[in-house]
Amino acid sequence: MTAPVSEPRFGVWANVYGTWASAHHPDDPVDASWERNLALIQRAEELGYHSTLIAQHLINPFAQDWDQLETWTATAALAAATSKIELIAAIKPLLFHPVVLAKQAANIEEISGGRLSLNVVNAWFKPEIERAGIAFPEHDDRYGYGTEWLSIVRRLLSGEVVNHEGRHFSIDGYQISPTGRFRDRPQIYVGGESEPARDLVAAQGDVWFINGQPLENVNALIDSVATRPRVGTAVRFGLAAFVIARPDAEAAQEELAYHWSLNEHDQQYLQNIVGGADEKAVMFQTFAKYPAIGTNGGTAAGLVGSYDEVAERIVEFHRAGIETFMLQFQPFEAEMERFATEVIPRVRDLSAAPVARSVVVG
Ligand SMILES: Cc1cc2nc3c(=O)[nH]c(=O)nc-3n(C[C@H](O)[C@H](O)[C@H](O)COP(=O)(O)O)c2cc1C
């Protein structure tokens with residue numbers, strides 16, 4: 001079976017940490033407030049961005065005393081304050097019982113008129129979980145927990161009456177209502193690069209989020225998931241990236257150098273992130289190979305260059321199978337506008353007919 005890839009879709013990371021790059025940029029003070037994020041996402045919607053990703057952390061990984069926007073309450077509010085944009089809310093299974101999260105998700109699906117997606121993320125930042133007194137299981141056990149957790153959430157969101165006896169949960173004839181007024185259920189994204197993350201998306205997900213990295217890696221990662229046994233429609237793919245686009249390549253490289261000079265002032269905060277990370281998180285092993293501005297691979301995706309170069313690279317990724325580009329910028333608002341004005345029209349001009357990829361369907 002072949003899976004058609006739609007036209008490239010563009011999304012922006014909500015600024016839940018207050019910045020995705022330097023805390024010292026003179027034109028982008030750290031600001032994780034609800035007011036800033038509301039204005040940001042409403043503007044993204046006006047500019048035609050298709051999606052926003054609301055990442056989940058209860059404490060800010062840069063520093064615990066920095067502000068941090070809470071994902072599920074903010075997503076509910078965004079659902080009421082927007083009308084078109086897809087709202088992808090991240091969820092760490094360890095933090096919510098599956099019945100509670102499924103009910104909240106179903107309600108946001110109602111409020112948004114069918115625009116909620118979940119990004120299931122199996123945790124890497126140990127202090128967030130451990131300091132709350134919640135057990136932080138070893139890497140593959142977290143995926144085991146998350147896999148059982150998602151099987152319950154998925155069925156509840158599909159309107160099923162769920163009976164489940166498993167290692168972690170016992171559910172007795174549970175059903176939530178309403179569900180299914182807009183579509184079968186909300187979309188399920190999975191973020192995570194390890195083998196169990198790939199198994200999870202192939203078994204239960206709709207879209208796999210890949211961290212920003214070179215095209216040859218992305219090709220191999222896509223193949224690794226697209227060839228796994230699967231029931232139903234093929235997995236689709238998204239890519240995280242930090243964009244630096246300028247009228248010419250030289251100006252873009254100068255701007256990148258400026259970001260690296262700011263980055264030197266952020267070392268203490270970046271150490272907090274690395275110091276708190278689970279050493280078994282495959283994502284961090286990839287980051288170590290490709291130093292980057294931005295989180296989740298950031299500039300390692302190579303979206304740094306002239307407007308034409310950035311558009312061409314997006315088209316190359318799209319031809320490799322990436323459908324959704326989930327983007328970070330700094331200063332966020334100004335660069336988000338520039339991307340919408342200068343790069344998206346170039347991508348549209350360059351985009352050829354939709355490409356098909358072969359996948360195995362079990
Ligand atoms: C696009 C993307 C978004 C992510 N968002 C979050 C998030 O909001 N919160 C979080 O704790 N982890 C997030 N992650 C991290 C992963 O879920 C996972 O914990 C990490 O990749 C380590 O697992 P791994 O060993 O499978 O790579 C994200 C990953 C990706 C690719």
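Guide: One term to begin with: buried means under 20% relative accessible area, exposed means over 50%, and partly exposed lies in between (1.4 Å probe, protein chains only). Also, this is a predicted model, where local features need pLDDT of at least 70, side-chain atom pairs count only at pLDDT 80 or more, and totals for chains, interfaces and linings use all residues. Residues are numbered from 1 along each chain as its sequence is written, and side-chain values use heavy atoms, with hydrogens and water left out.

Visitor: OK. Is Ala123 buried or exposed?
Guide: Ala123 counts as buried, at 11% relative accessibility.

Visitor: Where is Ala123?
Guide: Ala123 is in the loop between β5 (116-121) and α4 (126-130). Those labels come from DSSP runs, numbered from the N terminus: helices are H or I with at least four residues, strands are E with at least two. Ala123 has a positive phi of about 75 degrees, although it is not a glycine.

Visitor: What about the phi of Asn296?
Guide: Asn296 has a positive phi of about 55 degrees, and it is not a glycine either. Asn296 lies in the loop between α10 (282-289) and β12 (304-306). With a relative accessible area of 19%, Asn296 is buried.

Visitor: Which residues does Asn296 contact?
Guide: Leave aside its neighbours within four places in sequence. Then Asn296 is in contact with Trp13, Asn211, Gly212, Ala240, Met283 and Phe287. Contact means heavy atoms within 4.5 Å.

Visitor: Which side chain has a polar contact with Asn296?
Guide: The side chain of Thr295 does, at 3.0 Å. A polar contact is a pair of N or O atoms within 3.5 Å; within protein, one must be able to donate a hydrogen and the other to accept it, and residues adjacent in sequence count only if both atoms are side-chain atoms.

Visitor: How far apart are Asn296 and Thr286?
Guide: They are 10 residues apart in sequence and 9.4 Å apart in space, C-alpha to C-alpha.

Visitor: New topic: which peptide bonds are cis?
Guide: Among them is the bond from Ser177 to Pro178, with omega near 0 degrees. Pro178 sits in the loop between β7 (170-174) and β8 (187-191). The bond from Gln330 to Pro331 is also cis, with omega near -10 degrees. Pro331 is in the loop between β13 (322-328) and α12 (332-350).

Visitor: Now helices. What describes two packed helices?
Guide: The angle between their axes and the distance between the axes. Axes are lines fitted to C-alpha atoms, for helices over the stretch in contact, and angles run from 0 to 180 degrees between N-to-C directions.

Visitor: So how do α3 and α5 cross?
Guide: The axes of α3 (residues 98-112) and α5 cross at roughly 40 degrees and come within 9 Å. The two are therefore oblique to each other. Under 35 degrees counts as roughly parallel, over 145 as roughly antiparallel, 65 to 115 as roughly perpendicular, and the rest as oblique.

Visitor: Which residues make that contact between α3 and α5?
Guide: α3 gives Pro98, Val99, Leu101, Ala102, Ala105 and Ala106, and α5 gives Trp149, Ile152, Val153, Leu156 and Leu157. By class there are 11 nonpolar, no polar and no charged residues. Ala, Val, Leu, Ile, Met, Phe, Trp, Tyr, Cys and Pro count as nonpolar, Asp, Glu, Lys and Arg as charged, and the others, Gly among them, as polar.

Visitor: And at what angle do α5 and α6 pack?
Guide: Helix α5 (residues 139-157) and helix α6 (residues 195-204) pack at about 10 degrees, with their axes 10 Å apart. They are therefore roughly parallel to each other. Their contact has five nonpolar, four polar and two charged residues.

Visitor: Last pair: how are α7 and α11 arranged?
Guide: The axes of α7 (residues 215-226) and α11 (residues 307-320) cross at roughly 20 degrees and come within 10 Å. That makes α7 roughly parallel to α11. Leu215, Val218, Asn219 and Ile222 of α7 meet Glu316, Phe317 and Ala320 of α11.
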